[in-house]
Amino acid sequence: MILAVVGGKGGVGKSTVAMELGAHLDAVVVDADLSMADLPTARGPDLHDVLAGRARPIEAVREGGAVSILPCGRTLAGARACDVGRLGEVLTVVARRYGDVIVDCAAGMRADVGVPLAVADACVVVTAPERPAFADAIRARELARSFDAGLAVIAYNRAERVPERVERTLGAPGVPIPTDEAVRRARRTGYPTSALFPDAAASAGFAALADAVRACRL
């Protein structure tokens, strides 16, 4: 399964959700935000190198941590050298090798969002209680629909409950992820909240989100 994690607005917690789902679903997380990568990285080839033809997809995957990651470079030159059109092929290759792939998509409506959606089996829309975030989530949902990427679940971040109008408008069940200091502490370490603070309130929310994805797959 290839699952695209999208959110029209930056700062809603999209990368955090992708990491947590990767941990719960034992999936490879691909940082596909080619110009503003946010997931942990390390020495070695990355997605910029793969999309520029300098490395093979599998050799760029970092295994052995709490989450297996295909990281992305952080240089403008690297982003410019990328052939975005190859991204779908790369995701397919990684999924063929590892099974489940979570794609942390770029914010907004750029081409590097559309390509993962075109090959994704489903998507998760991440949003938050703020009105601009919800408006952007609607646009992200419409983009996913245009690529026939079914919406598995809504990750409603920094909230105790999901308003009925959010589920009705976006057309999928929502799972609330409460505000939790444990999330910020975990992000500073590069590890998922669920791995470091399994009893945290947010960890329960992320577990429920993963269960909703599994139910959709069934």
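Reader: What percentage of the 218 residues is buried?
Author: Buried residues make up 55% of the 218. Buried means under 20% relative accessible area with a 1.4 Å probe, protein chains only. This is a predicted model: local features need pLDDT of at least 70, side-chain atom pairs count only at pLDDT 80 or more, and totals for chains, interfaces and linings use all residues. Residues are numbered from 1 along each chain as its sequence is written, and side-chain values use heavy atoms, without hydrogens and water.

Reader: How many helices and strands?
Author: The protein has 10 helices and 7 strands. These are DSSP runs, numbered from the N terminus: helices are H or I of at least four residues, strands E of at least two.

Reader: Now H48. Where does H48 sit?
Author: In helix α2, residues 47–51.

Reader: Buried or exposed?
Author: H48 has 2% relative accessibility, so it counts as buried.

Reader: What does the side chain of H48 reach?
Author: The backbone oxygen of L34, at 2.8 Å. That is a polar contact: N or O atoms within 3.5 Å, one able to donate a hydrogen and the other to accept it; residues adjacent in sequence count only if both atoms are side-chain atoms.

Reader: Switching topic. In which sense do β6 and β7 pair?
Author: Parallel, over 4 bridges; β6 spans residues 150–157 and β7 174–177. Pairing requires at least two DSSP bridges. Between them the chain passes through helix α7, residues 164–170, in a right-handed β-α-β crossover. Right-handed means the path over the helix runs clockwise from first strand to second, with the strands pointing away from the viewer.

Technical notes:
Buried means under 20% relative accessible area, exposed over 50%, partly exposed in between (1.4 Å probe, protein chains only).
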